[in-house]
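Subject: Structure handover and notes

Dear colleague,

I am passing on the structure below, followed by notes on what was found in it. Please read the notes with the structure open beside them.

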Amino acid sequence: MESVFQGRLDMNRSNGLVLICIGLIFAAAVYNLEQARAGLTIFDGKVGTTPITVYDGNGPTVVIAHGFAGSRQMMQGYALVLAQAGYKVITFDFLGHGRNPIPMSGDITAIDGTTQKLIEELYDVSRYAGSDSPVALLGHSMATDVIIRAAHVFDTFGPLIVVSAFSRLITATYPPDMLMIVGEWETRLREFALGAVSMVVPETNAGTVAIRDDVRRKAVVAPMVEHIGVLHSRQGRFEAVTWLNEYYGRDQIPPIPASGFWILVLLVTIVFAARPLSYLLPKLEQPVQPVLSTGRFSVLLLIPAVVAPVLAIWMKPNFLPVLVADHLVVHIGLFGAIQLALLHRYHVPFPKPSWLGLSAVVLWGGIVLGFLLDRYVANYGATSGRVWLIVTLAIGAVPFLLADTLVLRGGEEPWWKRVLARLAFLGSLGFAVFLDFDGLFFLMMIMPIIVLFFVVYGLMGRWVAKRQGVTGVGLGLGLCLAWALGVSFPLYSAG
């Protein structure tokens, strides 16, 4: 008995030391991320119904627009650096994105449809600035085409900075002043950027300014980043400040913080803090989950992976004003329901859920992590109009994650089985896109969110499940997934 007590005491000491180390690293990450805001006056407001954030500098105005499924928070890497350089920066949430309560509408494939509405919204935000000098525009991904077209329609805009750009409106003479920033791992977009610069001066290399008559253009390849990482590239942000300074005749260049690195550190510390913190939870006695044979495990993955997308497409769900969300909620709901039925057939016990385990997952993974994501990474807050969407998504997400947790025995299955389970589900989504490419293409856009969810929440859930059992954890993870998807999906109305 004494040796058992001493062993528990040593474990508590060890977890305490680990938690202190994690806490110190976490504090360093928060300090560095907050330092990027030091000295700035930042406030939120609205232009009509469009939510905006203003970084109030005394220099020329820069309006920053996010990409598809993005938000104001996602563009902070550029906004904070430009504001520290003295520019007045305005970021906003496009229709249907972030905390904008009004959905996108119109034909998303037509220039005079959804794109035109986004152009008009961008123009309204730029007018709010009331700037004496031409307003600079910076956009990422989807927004690059929007800002290029807006500058073509209205004559009140100055230089353009396009990050991960694609637009058919680019020619050898238009836009007249444009910096193109692209990630090294964005192969096709990198080729497009280099081609757009070569229109001005043939065979211009990356990093070289191409000038002909009144046209000034440059392509910058940000090293070792992809479509999202490019938003925190130190080189990209330095080039953006320099480009605007040359246009406006300014010379202030602030330190460029390593925001991408510190965001990664922040997320890693939050995830790994869940392990020592899980030992604060009492360990419940749970029925032993049987280890399934390879054959039965394969059936649990293959049957729902094939049947769920076929049935979901056949049902043609159309009850949510959100692109592909109605298919996804049916798809994952069917996937989970099929697995639960098979688990019942295989006599796998469904333990009584621990509400403490469920609460721990929601508190740490939903509230604590969600707050940090919302402040430093991307929108994680739900407007009143999104609450019902989250509830609807939970109808599919809860059985899906409950079944997933039971199949993998709370993460106790070997790593290769856990990987196969993830690949089976992602393959199921890919199969759905293959069956209905035009209707379900946007499923590809949310796959990175789901992969990140599996990595981050899968680890946290595994540690809590060891203490509190699998059922409550599965339910909690389902609620967290519903929230994550519900605040990420762009709202859309065909009207």
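Two strands are said to pair if DSSP finds at least two bridges between them, and helices (H or I, at least four residues) and strands (E, at least two) are DSSP runs numbered from the N terminus. The model is predicted, so local features need pLDDT of at least 70 and side-chain atom pairs count only at pLDDT 80 or more, whereas totals for chains, interfaces and linings use all residues. Residues are numbered from 1 along each chain as its sequence is written, and side-chain values use heavy atoms, with hydrogens and water left out.

**The strands**

Strand β1 (residues 42-47) pairs with β2 in the antiparallel sense over six bridges, and within this pairing K46 stands opposite P51 of β2. The hairpin of β1 and β2 has two residues between the strands, and in this hairpin G48 takes a positive phi near 65°. Strand β2 is also joined to strand β4 (residues 88-92), by four bridges and again antiparallel, with T91 in β4 as the bridge partner of T53.

How many residues of strand β2 (residues 50-55) are buried? Six of the six are, so this strand is largely enclosed by the rest of the structure; here buried means under 20% relative accessible area, exposed means over 50%, and partly exposed lies in between (1.4 Å probe, protein chains only). In a regular strand the side chains alternate between the two faces of the sheet.

**Nonpolar cores**

A nonpolar core is a set of buried Ala, Val, Leu, Ile, Met, Phe, Trp, Tyr and Cys residues joined through side-chain atoms within 4.5 Å. The largest one has 85 residues, of which L443, Y457 and F489 touch the most other members. A second, separate core of 43 residues includes I52, L95, L122 and A129. Contact means heavy atoms within 4.5 Å, and L443, leaving aside its neighbours within four places in sequence, is in contact with V324, H327, L328, L429, A432 and V433.

**Individual residues**

S354 is placed in the loop between α9 (325-345) and α10 (355-376), and it counts as buried because its relative accessibility is 8%. A polar contact is a pair of N or O atoms within 3.5 Å; within protein, one must be able to donate a hydrogen and the other to accept it, and residues adjacent in sequence count only if both atoms are side-chain atoms. Not counting residues up to four places away in sequence, S354 touches L284, Q468 and G472.

T242, in helix α6 (residues 234-248), is buried with a relative accessible area of 19%, and a polar atom of its side chain lies 2.9 Å from the backbone oxygen of F238. G77 belongs to helix α2 and is buried at a relative accessible area of 7%. The C-alpha atoms of G77 and A258 are separated by 9.2 Å, although these residues are 181 residues apart along the chain.

L194, found in helix α5 (residues 187-198), counts as partly exposed at 27% relative accessibility. Not counting residues up to four places away in sequence, L194 touches N205, A206 and A219.

**Pockets and cavities**

On a 1 Å grid over the protein atoms alone, a cavity is a set of points where a 1.4 Å probe fits but cannot get out, and a pocket is an open set with protein on both sides within 12 Å along at least five of seven lines; lining residues have an atom within 4 Å of a point. Grid points are joined across faces, edges and corners, and a volume is the space filled by probe spheres set on the points.

The second largest pocket holds about 440 Å³ of space. Of its 24 lining residues, the closest to its centre are R418, R422, F454, G458 and L459, and α14 gives the most to this lining, with 10 residues.

A search of the whole structure finds three cavities of 30 Å³ or more, and the largest cavity has about 130 Å³ of space. Of the 16 residues that line the largest cavity, the closest to its centre are L33, A36, Q76, L80 and S259.

Best regards
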